[in-house]
Amino acid sequence: MSEASASHAADRRELTAAQRNAVAELLRVSPVADELGRRFARAGHELHLVGGSVRDALLGRLGEDLDFCTDAHPDETLRIVKGWAEAVWETGREFGTIGAQRDGLRLEITTFRAEAYDQVSRNPVVEYGTSLVEDLKRRDFTINAMAVSLPEHRFTDPHGGLDDLAAKVIRTPASPQESFRDDPLRMLRAARFAAQLRFAVHPDVRTAMVAMAADLDRITAERIRDEFTKLLCGADPITGLRLLVDTGLAERFLPELTGLKLEIDEHAQHKDVYEHTLTVVSNAVGFEEEGCDFILRMAALMHDVGKPDTKAVGPDGRVSFHHHEVVGARMTKARMKALRYPKEVTAKVTALVALHLRFYGYGRGEWTDSAVRRYVTDAGDLLPRLHKLTRSDCTTRNRRKAAQLAADYDALEERIARIAADEDLARVRPDLDGNAIMELLGVPPGPVVGRAWKYLKDLRLERGPLDRDAAEVELLRWARDEGIVS
């Protein structure tokens with residue numbers, strides 16, 4: 001058999017496996033999907049399982065969320081599902097989508113569309129289409145441009161999506177330029193699918209991404225945020241991140257990442273910060289226990305973004321990045337705010353970036369019990385993530401140094417556990433509460449109580465738990481020094 005024939009035979013085996021996956025997955029959901037298809041047929045309309053649902057069925061990973069398309073308009077779709085669906089929602093109605101729930105499945109039913117941007121505004125102009133083929137052509141990638149009719153199960157694949165699925169390649173139904181002009185977010189989606197599915201981006205698609213990267217500026221921060229979050233939570237985020245940087249897309253919404261690549265030192269006086277960062281992200285993924293931990297991954301990605309702004313070269317030629325964690329935390333907060341991430345998510349990522357260097361120095365015997373208490377208290381409920389981030393940050397190729405760092409952190413975690421068992425480190429509080437402070441000092445509620453509370457907490461962190469008599473003596477000494485009592 002020739003090499004070409006062998007390759008073709010291998011492709012046929014893969015396609016057959018994909019088709020078997022699809023049959024199994026469709027049989028699982030067909031009681032609901034086929035019943036819905038029959039309802040649409042009785043009303044004189046088409047219904048097709050479409051897009052990501054067909055792709056995932058072929059990959060053997062179809063979930064509980066199903067996407068359908070139909071020639072019925074939203075009002076007619078509502079009439080068809082009313083009384084059959086257990087719940088109905090209309091949040092996507094302006095885009096032609098009606099949502100429904102049945103037997104634990106979430107169904108989204110969208111009218112055939114011919115959707116395009118006017119190449120000026122940041123939102124799509126939605127027009128209803130008239131046919132399935134027209135609808136499939138306007139979809140983002142060929143692997144998402146396949147459909148299965150219901151209840152007949154007739155497969156439609158006008159753009160070779162099944163072949164591309166077998167070849168693990170991301171390609172557009174129309175030309176990449178036309179596709180990305182219609183919706184520039186598709187460039188970011190290409191990188192996202194590369195990360196999620198471990199697929200390669202077709203060279204023509206990649207070329208268009210480079211040429212049209214600036215068009216991403218037309219897209220809202222919220223839509224970019226959502227796609228980027230999915231990319232970072234993909235099975236292979238490193239592939240997606242490299243694609244963002246290499247095509248120039250990162251420069252449009254995450255220039256700090258591109259900045260790390262520009263920070264390569266031609267004299268090799270310090271490690272490649274960009275490659276180091278990607279390795280830290282990969283290490284962090286390995287520490288996850290269940291599903292994607294976006295906060296940990298984002299902190300790993302941003303932990304060194306302050307280095308370019310803090311780089312200094314000493315008289316001996318050694319490179320330093322003093323306080324890059326402080327600068328990096330500030331940059332991280334600003335970037336995540338610009339991308340409209342929730343405040344609580346931003347606060348956690350920012351805190352991890354600020355804390356990621358705190359461990360270094362522990363192995364030299366510089367940490368007192370007080371330092372351990374402060375480390376735990378400052379990390380709060382982020383401590384488990386901080387452990388993972390700190391371990392992920394060890395990327396040295398020097399095996400002896402790596403082993404020493406790991407041993408040092410093992411020792412720190414053991415020490416934290418030992419002190420925590422004695423002192424309940426998770427809830428460090430002053431040894432006197434606000435009421436006791438006011439009673440002892442004879443002061444009303446106000447700033448003085450807050451200052452006294454902070455002093456006692458710092459004392460608690462420094463010396464560990466005090467009994468009440470000792471705490472009262474210390475508080476009175478502080479109050480006399482501050483001129484609060486005579």
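1. Does Arg93 count as buried, partly exposed or exposed? At 29% relative accessibility, Arg93 counts as partly exposed, where buried means under 20% relative accessible area, exposed over 50%, and partly exposed in between (1.4 Å probe, protein chains only). The side chain of Arg93 meets that of Glu90 in a salt bridge (2.7 Å, N to O), and Glu90, with a relative accessible area of 42%, is likewise partly exposed.

2. The model is a predicted one, in which local features need pLDDT of at least 70 and side-chain atom pairs count only at pLDDT 80 or more, while totals for chains, interfaces and linings use all residues. Residues are numbered from 1 along each chain as its sequence is written, and side-chain values use heavy atoms, with hydrogens and water left out.

3. Across the whole structure, a search finds 30 salt bridges, each defined as a side-chain nitrogen of Lys or Arg within 4 Å of a carboxyl oxygen of Asp or Glu.

4. One of these joins Arg385 to Asp293, with the closest N and O atoms 2.9 Å apart. Because Arg385 lies in helix H19 (residues 383-392) and Asp293 in the loop between helix H13 (273-287) and helix H14 (294-302), the pair ties together parts that are 92 residues apart in sequence; helices here are DSSP runs (H or I, at least four residues), numbered from the N terminus. Arg385 is partly exposed at 21% relative accessibility, whereas Asp293, at 15%, counts as buried.

5. Salt bridges that share partners also join Asp140, Arg189, Arg192 and Glu227 into one network. Within it, the closest N and O atoms of Arg189 and Asp140 are 2.6 Å apart.

Terms used
Helices (H or I, at least four residues) and strands (E, at least two) are DSSP runs, numbered from the N terminus.
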